[in-house]
Structures are given as structure tokens and as C-alpha cells.
Amino acid sequence: MRKAKPKKRVILPDPVFNDQKVSKFVNHLMYDGKKSISYSIFYNALDIVKEKAAKEEKTPLEIWKQALDNITPQVPTEIRPDRKESVSMKNMILFARKRGGKSMAEKLAAEIMDAYNNQGGAFKRKEDMHRMAEANRAFAHFRF
């Protein structure tokens with residue numbers, strides 16, 4: 001390489017949960033630099049999750065983290081952990097935006113609950129990715 005590698009940017013933890021993962025998610029959710037709107041959407045979505053999952057013994061943040069773990073790809077050729085996290089966050093946001101619903105917070109909350117229960121668009125995307133990787137693994141030993 002000709003140039004030095006760029007330094008990793010330090011992501012500050014979010015103000016409510018003091019968690020870097022939340023800040024990364026909000027950064028992916030953000031449009032046009034409107035971070036405060038992204039934070040309000042995310043926190044409103046967690047409030048909706050709290051109402052929906054009243055019988056669960058977990059906090060909404062734990063439900064969100066479990067949902068992200070459920071849609072994180074684990075394809076046969078290993079990908080970097082930060083890349084896995086990024087892909088799962090982007091998939092969750094993409095499928096939340098595609099959903100029908102009133103507000104983005106409600107759509108995101110519905111996608112979080114679906115991912116937590118191993119269903120929904122983002123989980124289906126992960127399953128399709130795994131199925132495709134499994135099918136193509138049979139040909140991995142060939143050299144072209």
C-alpha cells in the first residue's frame with residue numbers, strides 16, 4: 001500500500017444507555033446529519049418494544065441486542081466482527097424502512113420484535129445468505 005491506513009474513528013457512547021453499539025446504530029439510521037432525530041426515533045422504538053414485550057424479563061436494550069445477534073450473518077467464510085455488526089444493523093434499518101406503518105419508530109420497533117423472535121425481513125435475509133453460502137461451498141475446492 002502507498003498510504004498509511006486511516007485511523008479508526010472513536011465513536012462516543014450514547015447519552016441514555018452509555019453504549020457505543022447504540023451510537024453506531026443511530027449513525028446508520030441518520031439521514032442528512034440529523035442525529036437528534038435519529039436518537040428520538042431509536043428511543044421511541046425502544047419504548048414501543050417495552051410496551052410490546054411487557055411479559056419479557058429483559059430490558060428493551062437487551063431485546064434489541066438479542067435481535068441484532070439473531071440477524072448477524074455467520075457465513076462459512078468468516079467476516080470481520082465489526083463488519084458483521086454493521087451488516088446486521090444496516091439490514092435491520094433497511095427492512096424497517098420497507099415496512100408499512102405509521103412512524104419510523106413503530107416500524108423499527110416491529111422489526112426489532114420480529115428479529116428477536118427469529119422472523120421478519122432481516123432474519124429472512126440472513127437465512128437466504130446462509131443458504132446461498134452453503135450451496136456455493138460445495139464448489140469451493142475447485143481451482144479455476
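I looked up what the buried residues of α5 pack against, and found α1 (20–29), α2 (35–52), α3 (60–70), α4 (81–98) and α6 (121–137). Buried means under 20% relative accessible area, exposed over 50%, and partly exposed in between (1.4 Å probe, protein chains only). Helices are DSSP runs of H or I with at least four residues, numbered from the N terminus.

I noted that the model is predicted: local features need pLDDT of at least 70, side-chain atom pairs count only at pLDDT 80 or more, and totals for chains, interfaces and linings use all residues. Residues are numbered from 1 along each chain as its sequence is written, and side-chain values use heavy atoms, with hydrogens and water left out.

Next I checked burial in α5. I found 12 of its 13 residues buried, so α5 is largely enclosed by the rest of the structure. Among the buried ones are M104, L108, I112 and Y116, and also the charged residues K107, E111 and D114.

I then looked at the length of α5. It covers residues 104–116 and reaches 18 Å from first C-alpha to last, close to the 18 Å expected at 1.5 Å a residue. The expected span is 1.5 Å times one less than the number of residues. After α5 comes N118, with a positive phi near 55°.

Last, I turned to the largest pocket, which has a volume of about 440 Å³. Of its 16 lining residues, I listed K8, R9, I11, K24 and D82 as the closest to the centre. A pocket is an open set of points on a 1 Å grid where a 1.4 Å probe fits, with protein on both sides within 12 Å along at least five of seven lines; lining residues have an atom within 4 Å of a point. I saw that α4 gives the most to this lining, with 5 residues.

Technical notes: Helices (H or I, at least four residues) and strands (E, at least two) are DSSP runs, numbered from the N terminus. Contact means heavy atoms within 4.5 Å. Grid points are joined across faces, edges and corners, and a volume is the space filled by probe spheres set on the points.
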